[in-house]
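Hi everyone, thanks for coming. Let me put the model up on the screen, and then we can walk through a few spots together.

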Amino acid sequence: MKSALVMLAAGLLLVFQARADECPRPSVGLALGSGGAAGLAHIAMLEVFEELDLRPQKISGTSIGAIIAVLSAAGLESGAIRDIFKEFGGSALDPLSGLGGNNNGPGWRDLLDIDFNEGGIIDAEPFLEFIGEHFDAREFEALAVPVKIVATDYYSGQSHVFASGALMPAIQASMAVPGLFKPVKHDGKLLIDGGTSNPLPHDLLEDVDLTVAIDVTGSRPNDSDDQPGLTDLLFKSFEIMQQSIIRARNSIQAPDIFIQVPAENIRLMHFDRVDEVIEQSQAAVDELRDALHERLSCD
């Protein structure tokens, strides 16, 4: 009897193995785009990958997408990443209209360092130190998944891609939004936010079977009775520019799965609204789940 059960188990194992050989999972590359606090929606996208037990083999990211790409590639689950931003975001109000906070992370009062000669009004160092406390890797080579991060050469206007070396300078350069954060000097270049040249870098995901790109540049509700203020005009115009770049790039090389996440009434620095951003992303979560199910199916 025992021998028969062993033979049955071995037979089933062979069947399952043959099925797996017939239906291998594709290698996946994941691109996480820029979009300020709207990019917190990337956390919900990572939850879908975890739900499907699907791990990207390569990740690329710009600005907020670069930050979350590194956290994910360093081994943090989506829930842990969400907790990091909730801890930090209690004081993340629009720094140009309201300041304050009482959470354990650095507040915008701590980050403000007004020096127009440096090209920015917010010091990124406290934020980077706070993020860095939550993972051990300090170089790209120490990450569990290969990552590419995009910044922009201010003088040439060309993308600068980081894929090796120190992580924190790459993140700082990728998130250096003009006018908010000072540019980063690196290898004789002056680098600014990668969203100015490649806000959704799925073109960097080479040698994978399936490319997934998450666009978090948001949306602008059409309310003729609500005149946008100065900061909204500046930041939303930056989003319009990024959306134009994404459309142009997609017309040349489209990703296999392209997900646009809406984010109404979320400003660039609204990191205190992580739950709201994730709630708004639920339709996009369903869209991504369905698209991945379809691609993974062997029927």
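Let's start with Ser63, which counts as buried because its relative accessibility is 7%; buried means under 20% relative accessible area, exposed over 50%, and partly exposed in between, with a 1.4 Å probe and protein chains only. Ser63 is not a glycine, yet it has a positive phi of about 55°. You'll find Ser63 in the loop between S2 and helix H3 (64–73); helices (H or I, at least four residues) and strands (E, at least two) are DSSP runs numbered from the N terminus.

A quick word on the source: this is a predicted model, where local features need pLDDT of at least 70 and side-chain atom pairs count only at pLDDT 80 or more, while totals for chains, interfaces and linings use all residues. Residues are numbered from 1 along each chain as its sequence is written, and side-chain values use heavy atoms, leaving out hydrogens and water.

Now, is Asp53 buried or exposed? Asp53 counts as exposed, because its relative accessibility is 68%. Asp53 also has a positive phi of about 55° without being a glycine, and its place is the loop between helix H2 (41–51) and strand S2 (58–62).

Zooming out, the protein chain has 10 helices and 10 strands. Of its 299 residues, 50% are buried. As for contacts (heavy atoms within 4.5 Å), among those between residues at least 6 apart in sequence, 74% join residues at least 24 apart.
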